[in-house]
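Here is a short briefing on a structure with several chains. Look through the model first, then read the points below.

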Amino acid sequence: MKKVYVNEDWCLACHLCEYYCAAANSGADSMIKAFAGGKKPIPRIKVEEGSGINFAVQCRHCDEPACVKGCITGALSVKDGVISCDESRCVGCYTCVMSCPYGCIVISEDSSVIQKCDLCLKNNNGEPACVKGCPNGAIVLEER
Amino acid sequence: MLEKEGQIRIPSGCAISGFISRDGKRIGGDKIVKSISYMHDRSNGLGGGFAGYGIYPEYKEQYAFHIFYNSNDARVETERFLDRHFDVVNLSRIPTKKHPNITNEPLIWRYFLTPLPTKLASSQLDEREFVAQCVININDRIDGSYVFSSGKNMGVFKAVGYPEDVGEFYRLDEYAGYAWTAHGRYPTNTPGWWGGAHPFALLDYTIVHNGEISSYDANRRYIEMYGYKCNLLTDTEVITYIFDFLNRKQNLSLEDIAKIIAAPFWTEIESGKYSETEKKKLKYFRNVFSSLLVTGPFSIILGFDGGLMALNDRLKLRSMVAAEKDDMVYLASEECAIRAICPDADRVWSPRGGEPIIVTLNDK
Amino acid sequence: MKYVIIGNSAAAIGGVQGIRESDREGEITIVTDEAYHTYSRPLISYWLGGKVTDQNMYYRGKDFYKDNNVKVLYSRRAQKIGKNSVTLDNGDKLAFDKLLVATGSKPFIPPMKGLDKVKEQYTFMTWDSVKAIKKKVKKHSKVLIIGAGLIGLKAAEALYHLNADITVVDLADRILPSILDVDAGKIMQKHIEDKGTKIILSASVEEFSPKSAKLTNGETVDFDILIVAVGVRPNTELIAEAGGKVEKGIITDDTQLTTLKNVYAAGDCTVSHDCSTDTDKILALLPNAFMQGEIAGKNMAGVEAHYQNAIPMNAIGFYGLHIITAGSYDGEEYTQQDPAKEQYKKLVFKDGLLKGYILMGDVARAGIYTSMIKERIPLDNVDIELLKERPQMMMFGKARRVEKLGGLTVKE
Amino acid sequence: MAINYYQPLYEVMRDKDRCIKCRACERQCANEVHSYDEECDVMISDSRQCVDCQRCVSICPTNALKIANNPNTFRQNSNWSQQIMTEVYKQAETGGVLLSAMGNPKEYPVYWDKILLNASQVTNPPIDPLREPMETKVFLGKKPKNVRFNKDGTINTDLPPTLELSTPIMFSAMSYGSISKNAHESLARAATELGIYYNTGEGGLHKDFYKYGPNTIVQVASGRFGVFRDYLEAGAAVEIKMGQGAKPGIGGHLPGAKILEDISKTRMIPMGTDAISPAPHHDIYSIEDLRQLVFSLKEATCYKKPVIVKIAAVHNVAAIASGIARSGADIIAIDGYRGGTGAAPTRIRDNVGIPIELALASVDQRLRDEGIRNEVSIVVAGSVRSSADVVKAIALGADAVYIGTAALLALGCHLCRSCQTGRCNWGIATQRPDLVKRLNPDIGYKRLVNLIHAWDHEIKEMMGGMGINSVEALRGNRLMLRGVGLTEKELEVLGIQHAGQ
């Protein structure tokens, strides 16, 4: 299965992936609208910055997903290898936040539910927005 | 004012035909005239010509020069040059017959020549090179004088007109040779200069050619580095020089020359159909003689002492048909030109692009 | 192959999924003493508080049994485990090749004087129990909750959403003693108290009368509804009676096999091995239950699998303040706190490993810490300053980062 | 300084309605043009620092940025342009030589754009490259004067050392130091995949790139940086750099600040020392000396590698080329006055040298006139901008071209011409690790491969149109060219006729 991989050698810490992700999942049809009026939609990808090292982290879509197994509501599920969250069923218990070894489960703006990368399958973005938006090929969607 | 060959490059379509008797039987010139006449529509009356091999058995040791003169002054100057370099064994006007369609004829003379031994020795050139240099000199330097045939025991006959008329004009039925080639020309833009008609010849090499090569200037600028002067700016001229250069000067066989001027494509070279040695050679040719690759459409018949060679460009962008009957081999742009003189050929085929047909006399 | 599963909660569902990963054919029968399609027990407080609809109570979609070809016997109790069969309360015998006992636990009700006089007393364990509470509770109903642990406070939170007047009483001197330390407990306690819930610690009920409780500290608390949420006890009787080994809970090996042949057990009824302390204990956690069930299911279907790396861990929130904790708190401590902002962090190190943590308030990315405890990642290759700063992948060496994030293996 | 005598020539314009304050521009600008003021929650731009490299514009996710000409203008003057006035102010301020980078940007004639190509109509057929083979392979190197035969009469096919190119385009010399390691890696990998060559420039060869040796031309320049046995042996050919089109007659200077560990190792000079390439090779003060160096290098490489001599196109280039052709060199590379550089004195860059088109035409003709065109191959450089330029160069007589600027453009360069600052925002002309990182060679090499593939396709299309199906039949085929708007003299030098003739 094709997954998103990050290569820290090429991450520039431009944080654009976060913006592309947030916009793609915001429901707005453009980046400008997504952030209009000071809105700050939450990205499901997180750039970590260090001294000379940067990389983005988002759901690895694990083969043995601790988040899905631990989910108390059944909101998290795996379909064709892609782990996604049915936010209508999530109660915001954060068991998945506790379980995810990568820290890739993010908490919604109002803290009520969790959100996570679903490879942009639900937002009709086609290719994951972070992959498409990365200016340096540091995030790739590949079969490995 | 229209510019003539040499002042401007004139593209032309054409008809070519040729045949050879491998046994060396001498065949009358009327036959080649008949053959080429069947492709009348491939010419437009602006040029026709013939080359006959084995037509001067009585002078076979002498170089036969056929020369057009625009004026008597040119003739006088040329003959002075010839006298300085050659022993002139015989000279005469070439016999012609008045023909209503052939007009504006220049003075047309024929000389049978042997290089003066002293001149030859002091030139430090081999005999053929010496003769070739003389031809190039006359054509390049003497205004109004043009050597259009210079081999031994062979001759070129050409004029402005349809080839069948040219044949009659030169009374070709009175000549007999073991091989003949013919050319009918369809230039798109020429005042009709006799020198511009084909075949083009240097020594015993003659070329009749149908096509328009796109590599012309690349070939010309290369070959001119080796002392040739492409005065006519015609394909035929440059191809003749390439043959002369590769065959006479570089000692390459006609088969190998075909591999240079119609080189196989790289994909073919690498395809595995060739032995390693052959591959190496092909690669060598394409490297060393890359500027002699001839591209664009052409079908040519090369006449030489003792044989004919036919070659198409490697994409075969021009028609060319071959036929065999007993010891005879026929080559022509169209099959009809062969059928006209050989209605019952044993085999008729269309040679592939880049694949030479080389026919030589059995005793050569 | 005939599979029987006793229980219908997380461990049981884990068992079904574990079996079905490899065996699409075998017959699976679930025996449950409840009448519901599998639902999530931890959600009962959310349901009670009105945060979860009936529809969303279900742990798996409505077609789960059909899709997985599972037969469910509702409202049936397993009474006895025989060699190759389970006897049900209606006398039926259910033959099995492999059996999974996922019986969970039951509320523990300590003996309290006068308790039998209290009519409106409830436990907080099943959907039915909260349904019963919901029928009774009204705005400003006085509710007394015995127990300031996870269940008691979760119940309190739910009732807070229903605008009840709540008092929580616990014998211990702090709330959530099983998961929080003193300082964190104080922050949480204040947070809860600020919402109007009364918490009485270091006290127990001396004596109940029908609508009030006299406490050991002399206070008397009136109530309309009493909820006893002192703790739970594993349901181990079936195994014990069949001769299986039972200690605090059912004993299994790491394939979840009990000491009985072909009988597996998983979930809250079993004893787990806590790898953070290397001790055996009951880890009554939904993720633990599901994963044990899944491991059991795999092994039952003949696919060898082992359950390791279990640790105590909790992700829970009360009145909007979130906590995530994991592992053990025995070791060298690093703490950071800002009670005013309700932020608390404790990291516990021992033997060159991260052993446990408490995060309160900002719990983002806590799983990175969890994974360090579970995987016992040596701290030698970890940037401790970054570790202390916040959970982040940056603290790991490049090799681990590249492997985990880049899907590649490189030499450090 | 209290008085700003001159103003930036361009201005950063931010469309506040579009800007989402993602701060990518701020993070990506090494010149620190953009900043975010937290207090006022605004993005601020300082146009004075801007070099118009377009990095921020290119990555802005909402197209909120534009770099536009500064509307502020000095009083119009056709003689004293604002640019010239600004330069005077700058020099009055600093007292220094003006430095700039990349090629001559002035409005001298571009002869490529005054030459048109032929196509076949009626009398001979164009060839469709999609249907028929269309060949662009070329060999660079000496050709034997005569065919030699073995004793058994077969042809001796041994050849002098040769470079084989899948298409007549190579990447020109750009040193590691002037450009980044990632830029080098991109070039090296692209050359390898394409079956062409890239050139180390005079910065030596990084140890990681020895594996690309078969597609590497190693340069020996006046500073002799990084030249040692392994280096010479690693490459497919050795190039002696006598001059550079952007700065004929001038040496090079890579400041010590750029001589970091890797570069110091590769150049074999101490860290932090200035890398100074003298204007002349101090062992070459005449053509005889060149011949000695050519043969020294041939000796050193056992006569297995062709030697290239690269010169800048200057006034008597034809005579110089003739001398080089007789020096034993196998290939002459000629770099025109529009060729790029990582740093050059502005006055030199903008005023010295001649156009490559004219240089090429005269060199090719001169070598033919002397009958020594086969002694050397000719490679031309100095602003070959497109496949059409390549076709024209070959028809004028070049065997192949070097592209430098076009390759850098493929890697993202926007010709801001500020390479000398070392703050290349595209990760090309910089050694700052955070900037170098911006050029991912995985992307870079693919873009180069794409570019050359695209050009190769176009070359084939143009050749096909001319009825030529192999590039060798195009070489020196000046009949395929016609001039437009050129004087008799220009046509004569170019050896082509005017359109309509």
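Axes are lines fitted to C-alpha atoms, for helices over the stretch in contact, and angles run from 0 to 180 degrees between N-to-C directions. Helices (H or I, at least four residues) and strands (E, at least two) are DSSP runs, numbered from the N terminus. This is a predicted model: local features need pLDDT of at least 70, side-chain atom pairs count only at pLDDT 80 or more, and totals for chains, interfaces and linings use all residues. Residues are numbered from 1 along each chain as its sequence is written, while chains are lettered from A and ligands numbered from 1 in the order in which they are written.

**Confidence**
- The predictor gives the complex an ipTM of 0.86 and a pTM of 0.90.

**Helix pair in chain D**
- Helix α8 (residues 317–325) and helix α10 (residues 356–369) of chain D have axes that come within 8 Å and cross at roughly 50 degrees.
- That angle makes α8(D) oblique to α10(D); under 35 degrees counts as roughly parallel, over 145 as roughly antiparallel, 65 to 115 as roughly perpendicular and the rest as oblique.
- The contact (C-beta atoms, placed from the backbone, within 7 Å) uses D:Val317, D:Ala318, D:Ala321, D:Ser322 and D:Ala325 of α8(D). From α10(D) come D:Ala359, D:Ser362, D:Val363, D:Arg366 and D:Leu367.
- Seven of these residues are nonpolar, two polar and one charged. Ala, Val, Leu, Ile, Met, Phe, Trp, Tyr, Cys and Pro count as nonpolar, Asp, Glu, Lys and Arg as charged, and the others, Gly among them, as polar.

**Chain contacts**
- Chain A and chain D each give 16 residues to their contact.
- On the chain A side, α1 (16–24) and α2 (31–34) give two or more residues. The largest share, three residues, comes from α1(A).
- That side has 11 nonpolar, five polar and no charged residues.
- Chain C and chain D do not touch; their nearest C-alpha atoms are 15 Å apart.

**Sheet in chain B**
- Four strands form an open antiparallel sheet in the order β5-β6-β4-β7. Strands pair if DSSP finds at least two bridges between them.
- The edge strands are β5 (86–93) and β7 (145–149) of chain B.
- β5(B) and β6 (residues 107–115) of chain B pair over seven bridges, and B:Leu91 stands opposite B:Tyr111 in β6(B).

Terms used. Contact = placed C-beta atoms within 7 Å.
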